[in-house]
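Please load the model in the viewer and keep the selection panel at hand. The stops are to be taken in order.

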Amino acid sequence: MDDALLQRLHAVLGDAGLLRDPQRMAPYLSDWRNAYRGKAAAVLRPASTDEVAAAVRLCQQAGVALVPQGGNTGLCGGSIPDASGEQLVLSLTRMQRIRELDVHNDTVTVEAGVILARLQQAAAEAGRLFPLSLGAEGSCTVGGNLATNAGGTAVLRYGNMRELTLGLEVVLPDGQIWIGLRGLRKDNTGYDLKQLFIGAEGTLGIITAAVLKLYPAIRRRATAWAALADAESAVALLGTLRGYCGERLSGFELMSRQSLDFVLRHQPGSVDPFDTAYPWYLLVELSDPAAAAALDETLQVALGEGVELGLLQDAVIASSQAQAAALWWLREGISEAQNHEGPSLKHDISVPISSIPAFIAGTGARLQEALPGVRIVCYGHVGDGNLHYNLSKPPGMEDAAFLTQAPQLTGQVFDATLALNGSISAEHGLGQAKRDAARHYKNPLEQALMRALKDTLDPKGLMNPGKVL
Ligand code: FAD
Ligand code: 2HG
Ligand code: ZN
């Protein structure tokens, strides 16, 4: 790495904006699970859009690659540099301003480094809801949410990040600043350029700010935990609940018994809501802006119908906010609990909702044949057709032996996904984890179109190289 470049960057960004000390750089160079590790010549921490643009221009002139990073909670290694030590991490975490909250337009303009939970809080203080909700919300940033087109537990009702975005500000790979911060719900003036950068995982430019949609604050919630015999029942129940509750159905999360077992084993204070073990569980939530909405009653009637139809084996409705939080913790705690069981092979797949039972039955049987005793931690946003179909080693197996099986196990899962016209990445992106798999599984014409866009916007290939494409 050319020292002159680092000196120029230092002149633009100052001491707080350029880290070279290995100890201070360390947290930026590995991910949450320690599954990906890289090296970097420095970590850049610009504090404004102009500083981002100046840094990008200098790197462009010097031919040095940049790896954008937000909260570093991504699960596919997208924010981690390669092993060369020649790349620079560009962290947006100092860009923390909520620039404007327009209550009458129901929009908020935020900088990329704002933590999602802080944005939710700001919306609540203004009597509004910012609905994106996910387990990492205390650490992930709006920029990362946009770059991965994040999903989470409220997509069923509000859509993913793509659907929550009206405008963007982006520093392009040549250092120009595209200011597309329009808070318009209607704008048919040609191609919808913001959608190019959402879900691009930092390969087309650096998102510095966004205009996001706000919704009415939620004043009433009802939360239930239900037990089921199989995934068919969950899919059938989704239709039944929608019929009863319509738009108020805002959460519909499925978990296998294996998933709950891991939480009960590893998350202190977690308690099984039932005395008996069941094969599958659902967490169902209704929500409404009207404080007077009789949600508990509606949920009771709807779940009663589920029992009558033979879809549910048992159900309990939370009688307090604390109980509701405890039920949500059984769901949100799965990801971390699985880390305690050795390496996990993560598969964030989606199939049409109607195909979920066939996916679960067929893939489970094939995997048990391939590796008897493999523990399938299947859970997720079943109302979106999105399963986290994660695998842990059979009890007693060595980590290394399990990892040698990874390619063939993952191949089985992805083949089954494709056979049902599904996607190998529903909400976490491709990053470095699934780049090669995407080459194999994604339609060649779609890949060629993506490559053409990349080459047009980033001809030198300096924006997060080695990720996605
Ligand atoms: P990072 O991890 O820092 O980066 C992610 C990608 O975005 C990288 O490719 C990076 O280069 C790029 N990037 C970051 N900021 C910018 C920017 N400003 N401009 C351009 N590119 C940028 N994800 C879900 O979708 N749904 C879930 O339910 C969910 N639950 C999770 C639960 C846990 C416990 C954990 C650890 C993760 C979970 N995730 C989930 C994954 C992760 O939180 C999301 O992908 C999140 O959107 C990443 O945000 P981040 O700020 O941490 O981004
Ligand atoms: C969730 O829904 C997240 O809990 C994380 O998307 C999934 O860790 C995972 O595999
Ligand atoms: Zn998820």
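The model is predicted, so local features need pLDDT of at least 70 and side-chain atom pairs count only at pLDDT 80 or more, whereas totals for chains, interfaces and linings use all residues. Residues are numbered from 1 along each chain as its sequence is written, chains are lettered from A and ligands numbered from 1 in the order in which they are written, and side-chain values use heavy atoms, with hydrogens and water left out.

**Stop 1: the zinc ion**

Select ligand 3, the zinc ion, together with His381, His388 and Glu427. Its protein donors are NE2 of His381, NE2 of His388 and OE of Glu427, at 1.9 to 2.1 Å. Donors are N, O and S atoms within 2.8 Å of the metal (3.2 Å for Na, K and Ca); water is not among the atoms, so sites may look incomplete. Along the chain the donors follow the spacing H-x6-H-x38-E. His381 lies in strand β18 (residues 375-381) and Glu427 in the loop between α15 (406-419) and α16 (435-441), so this pair ties together parts 46 residues apart in sequence. Helices (H or I, at least four residues) and strands (E, at least two) are DSSP runs, numbered from the N terminus.

Are His381 and Glu427 buried or exposed? His381 is buried at 4% relative accessibility, and Glu427 is buried at 11%. Buried means under 20% relative accessible area, exposed over 50%, and partly exposed in between (1.4 Å probe, protein chains only).

**Stop 2: ligand 2**

Next, select ligand 2 and the residues around it, among them His381, His388 and Glu427 from the previous stop. Also in this set are Leu75, Arg331, Ser335, Lys346, Tyr379, Asn390 and His428. A residue is near a molecule or strand if one of its heavy atoms lies within 4 Å of it.

**Stop 3: ligand 1**

Move to ligand 1, which has 35 residues around it; Pro68, Gly70, Thr73, Gly74 and Thr141 come nearest. Display the distance of 2.7 Å between a polar side-chain atom of Thr73 and a ligand oxygen. Asn145 places a polar side-chain atom 2.9 Å from an oxygen of ligand 1, while Asn72 uses a polar backbone atom, at 2.8 Å.

**Stop 4: Glu341**

Select Glu341, in the loop between α12 (334-339) and β16 (344-345). Glu341 is buried, with a relative accessible area of 11%. Its side chain makes a polar contact of 2.8 Å with that of Arg265. A polar contact is a pair of N or O atoms within 3.5 Å; within protein, one must be able to donate a hydrogen and the other to accept it, and residues adjacent in sequence count only if both atoms are side-chain atoms.

**Stop 5: the second largest pocket**

Centre the view on Ile218, Arg221, Thr223, Glu285 and Trp328, which lie nearest the centre of this pocket among its 39 lining residues. Which element supplies the largest share of the lining? That element is α11, with six residues. The pocket is an open set of points on a 1 Å grid over the protein atoms alone, with protein on both sides within 12 Å along at least five of seven lines; lining residues have an atom within 4 Å of a point.

**Stop 6: the largest cavity**

Finally, select Thr153, Leu156, Phe252, Glu253 and Asp384, the closest to the centre of the largest cavity among its 13 lining residues. A cavity is a set of points on that grid where a 1.4 Å probe fits but cannot get out. Strand β13 gives the largest share of this lining, four residues.
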